[in-house]
Amino acid sequence: MHVIHRRDWELPERLATPERCFLNRRAFLGGAAALVASPTPSAAQRVADLPDPTADLYPARRNEKYVLDRPVTDEMINGHYNNFYEFGTSKNIAAQAKALKLRPWTLTIDGLVEKRIVIDFDELIRKMPVEERLYRMRCVEAWSMAIPWSGFPFAKLVEFAKPLGDAKYVRMETFMDPAMAPGQRAGWYPWPYVEGLTIAEATNELCFLATGAYGKPIAKQHGAPIRLAVPWKYGFKSIKSIVRFSFTAERPKSMWEQLQASEYGFWANVNPQVAHPRWSQANEELIGVGERRPTLLFNGYGEFVADLYKGLEGERLWA
Ligand code: MTE
């Protein structure tokens with residue numbers, strides 16, 4: 001497929017240098033400062049968003065099992081350095097993402113399940129055990145963050161969905177609304193954003209559905225009201241603003257895989273020794289910290305997930 005508009009990380013290797021990251025970060029920090037002083041969303045949008053009926057769930061009790069080896073990324077910096085292509089290709093997408101209409105938010109659980117379920121997000125979350133977890137996130141672009149997510153284990157959603165015995169995968173889909181999300185009017189992306197996991201991955205204890213961050217309901221630019229957090233995989237697997245979970249026997253094909261299969265595969269597990277076709281994955285920039293560190297296998301989460309891939313060594317397990 002001829003990709004006319006390339007993502008940031010699809011630049012030639014010579015441009016994907018630490019210096020470029022550094023300069024970009026300086027530019028975006030300036031932009032973030034400007035945004036703090038920028039106007040708030042329209043009155044109509046504020047009315048549509050308030051009050052958030054899930055606000056009482058946050059801050060959630062922290063599960064201390066998941067620890068960081070670095071400071072939590074500053075909320076303001078994290079909230080102004082995002083990838084949310086539905087709203088555009090800029091990292092500073094928070095203002096545009098305010099157009100995301102959150103309620104009603106209907107989730108569909110279908111495919112190979114006992115019974116198709118259509119449920120409002122506000123109702124689903126009341127059935128789930130919400131907790132806080134500190135997770136690292138490693139983007140395929142060779143930067144990383146550390147985030148206090150709140151949400152619930154994906155395994156709880158699988159339990160609720162009651163998949164049939166022949167279901168092997170779960171396919172997730174983001175909302176599709178080109179009138180609301182200008183990026184979806186760009187015809188060269190095969191919208192909607194789709195991602196997939198094996199059910200074994202989805203039920204791994206680390207696999208998390210985030211509904212909050214920084215002790216509050218999750219901000220729109222992070223993929224409100226519900227997004228995936230799979231910290232041992234490259235960030236593009238962590239699909240935002242999910243509306244549908246489908247249980248399937250066939251392996252789902254993600255949006256990025258449809259667009260550029262040679263560079264973005266199904267498994268996309270972090271591995272510093274396997275370079276992206278156009279740049280090294282050996283180390284990463286800690287956004288907001290001004291430091292580069294060696295990247296770790298499975299982003300440091302091997303103790304939880306390495307067993308999932310035993311016997312799959314013949315597969316392309318890394319992005
Ligand atoms: N999900 C949707 N629907 N749209 C996107 O553009 N970007 C992905 C992922 N999930 C994306 C998405 C990429 S490339 C990354 S690195 C992470 O979201 C970024 O999450 P963050 O903005 O909260 O850091």
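Guide: Here is a walk around the ligand and its surroundings. This is a predicted model, in which local features need pLDDT of at least 70 and side-chain atom pairs count only at pLDDT 80 or more, while totals for chains, interfaces and linings use all residues. Residues are numbered from 1 along each chain as its sequence is written, and side-chain values use heavy atoms, with hydrogens and water left out.

The ligand sits in the largest cavity. A cavity here is a set of points, on a 1 Å grid over the protein atoms alone, where a 1.4 Å probe fits but cannot get out, and a molecule sits in it if more than half of its atoms lie within 2 Å of its grid points. Around the ligand are 17 residues, each with a heavy atom within 4 Å of it; the closest are Y85, E86, H222, S238 and K240. By type, the shell splits into 8 nonpolar, 6 polar and 3 charged residues, with Ala, Val, Leu, Ile, Met, Phe, Trp, Tyr, Cys and Pro counted as nonpolar, Asp, Glu, Lys and Arg as charged, and the others, Gly among them, as polar.

Now for the polar contacts, pairs of N or O atoms within 3.5 Å. A ligand oxygen lies 2.6 Å from a side-chain N or O atom of K240. For R227, a side-chain N or O atom is 2.9 Å from an oxygen of the ligand. Taken alone, the ligand exposes 530 Å², and the protein buries 100% of that, by the Shrake-Rupley method with a 1.4 Å probe.

Key. A polar contact is a pair of N or O atoms within 3.5 Å; within protein, one must be able to donate a hydrogen and the other to accept it, and residues adjacent in sequence count only if both atoms are side-chain atoms. On a 1 Å grid over the protein atoms alone, a cavity is a set of points where a 1.4 Å probe fits but cannot get out, and a pocket is an open set with protein on both sides within 12 Å along at least five of seven lines; lining residues have an atom within 4 Å of a point.
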